[in-house]
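This report goes through the disulfides, the confidence, the fold and a few individual residues of the structure shown below.

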Amino acid sequence: MLMPPLLLLLRRLGRPLCAAAALAAALFAGPAPAQPVSPPQPEPTAARPCPPATPPLGVEQVQQGMRDARDRGYLWRIRKDGRDSWLYGTLHVARLPWMFPGPKTLRALRESDRLALELDLLDPDISRRLQALIAAHKDVTPLPALLATRMAAQTDAACVGTKLGALRPEMQAVTLMALAGRPDGLDPSYGIDNFLAGLAHGLKKPVLSLETPEAQIALLSPADTAERNKMVQTMLDELERGDAQRVMLRMAMAWADGRLDELQSYGDWCDCLDTPEQRDFHRRLVDERNLVLARRIDAIHEAGHRVF
């Protein structure tokens, strides 16, 4: 059942952006269908202008967005035993118009009897467990002074105030990576999975989580303090050089424009699969997880359901 290319194409990241977007979405609650949302306003910084704030999103704006929506990304049909299921490669960090499913995507969702996501962030239990897993603890070893200073500078540049202080250091860096595209209009508040979850709940369709918060966070949990510090340093390097923003924008535009070849060749231009450690992380984050996700999707289909 694993469709080419790999399940959820955007996991070709080689860095923890997808899980990072889930963390950011949990911290900065994004829009949901037919529910007015007032995201936190950025706090000013003297160093550089803050990224634009995500505007409040109300019922009329959602309705207009749905009317204007066009199909983006990649949608595959799974046909077996007289039933169709659907596989949709999504963006966890997107622009506002991209959040709304186009006609073909919406029709596939309506024809399905349930929605399966990596994580349903609208499930209170999932959200609670995720928050607990990423929270800072008293026994966590602080970052070295230089890394702490660099983290503070990136936190200030992201205009998130003190919100990240409640997270473990590596999760602070992970979340900053997910927020790196906001100057280009790419925001976790516009995550497509989260909107689809809200839409499916509104349509009274069951929403399933294919993974657990524990499994996702385990992938981002360093084995020891030295590995954690190296992980944080790597992400800060990418943020400071602008690589995180550059790669996110190119990947997002390839998705939005349907440039499948460019997305498939991600490893050739991301500068993120150059070391054995990066390639090992990519293998665990992409290849091994995709097999698990594909088997779970197959099991839902085999149980007699039409799953999106």
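## Disulfides

A disulfide here is a pair of cysteine sulfur atoms within 2.5 Å. The structure, a predicted model, holds two of them. Numbering is from 1 along each chain as its sequence is written, and side-chain values use heavy atoms, without hydrogens and water. In this predicted model, local features need pLDDT of at least 70 and side-chain atom pairs count only at pLDDT 80 or more, while totals for chains, interfaces and linings use all residues.

Helices (H or I, at least four residues) and strands (E, at least two) are DSSP runs, numbered from the N terminus. The torsion about the S-S bond of Cys50 and Cys159 is about -95°, so this disulfide is left-handed. For exposure, buried means under 20% relative accessible area, exposed over 50%, and partly exposed in between (1.4 Å probe, protein chains only). Cys50 is partly exposed at 25%, whereas Cys159 is buried at 6%.

The other disulfide is formed by Cys270 and Cys272, whose sulfur atoms are 2.1 Å apart. Its S-S torsion is about -85°, so the disulfide of Cys270 and Cys272 is left-handed. Both Cys270 and Cys272 are buried. With the bonded cysteines numbered in sequence order, the pairing is 1-2, 3-4.

## Confidence

The predictor's confidence in each residue is given as pLDDT, from 0 to 100. The chain has a mean pLDDT of 84, and 84% of its residues reach 70 or more. Among the elements of the chain, H1 has the lowest mean pLDDT (45), and strand S3 (residues 115-117) has the highest (98).

Two stretches have pLDDT below 50. Over residues 1-20 the value is below 50, and beyond near neighbours in sequence this stretch has 85 contacts in the model, where contact means heavy atoms within 4.5 Å. Residues 22-46 also have pLDDT below 50, with 70 contacts beyond near neighbours in sequence. Where pLDDT is low, the predicted coordinates should not be read in detail.

## Overall fold

The secondary structure of the chain comes to 13 helices and four strands. Of the 308 residues in the chain, 53% are buried. Contacts between residues at least 6 apart in sequence join residues at least 24 apart in 82% of cases.

## Helices H5 and H6

How do the axes of H5 and H6 cross, and at roughly what angle? They come within 11 Å and cross at roughly 40°, the axes being lines fitted to C-alpha atoms, for helices over the stretch in contact, with angles from 0 to 180 degrees between N-to-C directions. The crossing of H5 and H6 is left-handed, that is, the near helix is turned anticlockwise from the far one by less than a right angle (clockwise would be right-handed). Met151, Gln154 and Thr155 of H5 make the contact with Pro169, Gln172, Ala173 and Leu176 of H6.

H6 is mostly covered, with ten of its ten residues buried. The buried residues of H6 include Glu170, Met171 and Val174.

## Individual residues

Ser85 is in strand S2 (residues 83-89) and is buried, at 0% relative accessibility. Its side chain reaches the backbone nitrogen of Val307 at 3.0 Å. Beyond its neighbours within four places in sequence, Ser85 is in contact with Trp76, Arg77, Ile78, His301, His305, Arg306 and Val307.

Leu133, in helix H4 (residues 124-134), is partly exposed at 24% relative accessibility. The C-alpha atoms of Leu133 and Ile217 are separated by 7.1 Å, although the two are 84 residues apart along the chain. Apart from neighbours within four places in sequence, the contacts of Leu133 are Arg168, Pro213, Glu214 and Ile217.

Asp257 sits in the loop between helix H10 (243-256) and helix H11 (260-264) and is partly exposed, with a relative accessible area of 44%. The side chain of Asp257 makes a polar contact with the side chain of Arg259 at 2.7 Å. A polar contact is a pair of N or O atoms within 3.5 Å; within protein, one must be able to donate a hydrogen and the other to accept it, and residues adjacent in sequence count only if both atoms are side-chain atoms. The C-alpha atoms of Asp257 and Asp71, 186 residues apart along the chain, are separated by 9.8 Å.
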